Amino acid sequence: MKNLSRRNFNTLMAKGMGTAAIMATTPLACAMGSGQDKKKLGIALVGLGSYSTYQLAPALQDAQHCYLSGIVTGTPEKEKIWADKYNIPKKNIYNYQNFDDIAKNDDIDVVYVVLPNSMHADFCIRAAKAGKHVICEKPMAVSVEECDAIINACKEEGVKLGIGYRLQSEPYTNEVKRFVREKTFGNVRYVSADAGYHSGGNPNQWRLNKELSGGGALLNMGVYAIQSAIYGSGQNPISVTAQEYSTRPEYFKDTDETITAQFEFPNGAVGNIMTSHNISANSMYVSAESGWFELQPANSYGPLSGKTSKGDVIEFPHESQQKLQMDDFSKHILFDAPNIAPGEMGKRDMIICAAIYESIAKGGQKVMLDLEPGYGFGGLPTS
């Protein structure tokens, strides 16, 4: 993967994303104290695209254990907009050139990297070297080697590392995990998961530029389908076979459009996933010995919905998944609670993505996966 200059990055971002309007919110009061004595941890968002604008920043206004303390942007026009909207002091506003100065800022405890995928490793490692805890948006990186580099940097600097897997913190997903763990419907025999959307807008967006994204639908939506198959079976897969389809090559010139993959699991269960940038899909289904359960929608921002073969409706009050996710990571730092989405989980998923791409390159051959039992599951004291 070639390194991008920040000038090239900003040019590509301007082509693909534009400047999003800021949603109206109420400024959040600053936390008191410093370090482990803080009531709330200060989070700096690196990259102010649509996800930071419409999901993360609003969620931080309602979080219990963290708040928006700083921003990092390559677009000077956004600095005043965000400063005014969220009452962010000038000393907590950075750009990509002076980012490393964040090491001197005690207001910022956590850096959340929300940049294009090819920039994750660089800024996560720099954040760790600045002594800040790190949240890396999914996918963790564009290669397994970059995942290792991020994990090692955080361990060497003694900071915590979490991946932006919002679904790991929300109640519908955890209800599915409970069904599997408690064998509510017996042993799982089959799981399917679909995650995709129809991309019909800007062909110059960064997600369709492999230099920035590292891949197409698989690294974007496919990670959700992979995760659904894993927590829907309660196991990591031992093999994968995959296929790729393209019906709009004139639009998807550089990245994968639609991918299907089949998994085998240690207990004999099988799984199937589909991910696409050309098909709207948002579901998971689990068939077990004595019944079934499903979520549809399964991976959107919510509210989600589910049901079971017993006639039960799976229903929980809706809360911001991003708020739950960032609070969970903050509790990991503040109170030594389990790390629900550790770096090893992000690495595991990248290993699986690499195996899927390998299978496709080999004409759909089966690729064996050597993942240790439990490897990458949340709650492990490994990051």
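Throughout these legends, a residue is called buried when its relative accessible area is under 20%, exposed when that area is over 50%, and partly exposed in between, as computed with a 1.4 Å probe on protein chains only. The structure is a predicted model, in which local features need pLDDT of at least 70 and side-chain atom pairs count only at pLDDT 80 or more, while totals for chains, interfaces and linings use all residues. Residues are numbered from 1 along each chain as its sequence is written, and side-chain values use heavy atoms, with hydrogens and water left out.

**Figure 1. Overview of the protein.** The secondary structure comprises 10 helices and 15 strands; helices (H or I, at least four residues) and strands (E, at least two) are DSSP runs numbered from the N terminus. Of the 383 residues, 57% count as buried. A contact denotes heavy atoms within 4.5 Å. Among contacts between residues at least 6 apart in sequence, 72% join residues at least 24 apart. The accessible surface comes to about 15900 Å², and carbon and sulfur atoms account for 50% of that area; accessible areas come from the Shrake-Rupley method with a 1.4 Å probe, and for residues only the protein chains shown count as cover.

**Figure 2. Ser118 in the loop between strand S4 and helix H4.** The loop that holds Ser118 runs between S4 (110-113) and H4 (120-129). Ser118 counts as buried because its relative accessibility is 16%. A polar atom of the Ser118 side chain lies 3.2 Å from the backbone oxygen of Glu211. A polar contact is a pair of N or O atoms within 3.5 Å; within protein, one atom must be able to donate a hydrogen and the other to accept it, and residues adjacent in sequence count only if both atoms are side-chain atoms.

**Figure 3. Helix H5 and its cover.** Helix H5 (residues 144-157) has 14 residues, which at 1.5 Å a residue should span 20 Å; the end C-alpha atoms are 20 Å apart, in agreement. The expected span is 1.5 Å times one less than the number of residues in the helix. The buried residues of H5 are Val144, Glu146, Cys147, Ile150, Ile151, Ala153 and Cys154. Their cover includes H4, strand S5 (133-136), strand S6 (161-163) and helix H10 (343-361). After H5 comes Gly158, with a positive phi near 70 degrees.

Figure 4. Ile151 lies in H5 and counts as buried because its relative accessibility is 7%. With neighbours within four places in sequence left aside, Ile151 is in contact with Met140, Leu161, Gly343, Glu344 and Lys347. Ile151 and Leu161 are 10 residues apart along the chain, and their C-alpha atoms are separated by 7.3 Å. Cys154 also lies in H5, and its 3% relative accessibility is why Cys154 counts as buried. Under the exclusion of neighbours within four places in sequence, the contacts of Cys154 are Ala128, Val134, Val159 and Leu161. From Cys154 to His133, 21 residues away in sequence, the C-alpha to C-alpha distance is 7.8 Å.

**Figure 5. Packing of helix H6 with helix H8.** Two packed helices are described by the angle between their axes and the distance between the axes. The axes of H6 (residues 171-182) and H8 (residues 217-233) come within 7 Å and cross at roughly 35 degrees. Thr173, Val176, Lys177 and Val180 of H6 make the contact with Tyr231, Gly232 and Ser233 of H8. Axes are lines fitted to C-alpha atoms, for helices over the stretch in contact, and angles run from 0 to 180 degrees between N-to-C directions.

**Figure 6. Helix H9 and its ends.** Of the 15 residues of H9, 13 are buried, and the helix is thus mostly covered. At the N-terminal end, Ser320 caps H9 through a side-chain oxygen that lies 3.3 Å from the backbone nitrogen of Gln322. Just after H9, Asp336 takes a positive phi of about 60 degrees.

**Figure 7. Backbone features in loops.** A cis peptide bond with omega of about -10 degrees joins Lys138 and Pro139, and Pro139 is found in the loop between S5 and H5. The Gln296 to Pro297 peptide bond is cis as well, with omega near 5 degrees; Pro297 lies in the loop between strand S12 (291-295) and strand S13 (306-308). Asn87, which is not a glycine, has a positive phi of about 55 degrees and lies in the loop between helix H3 (76-86) and strand S3 (93-94).
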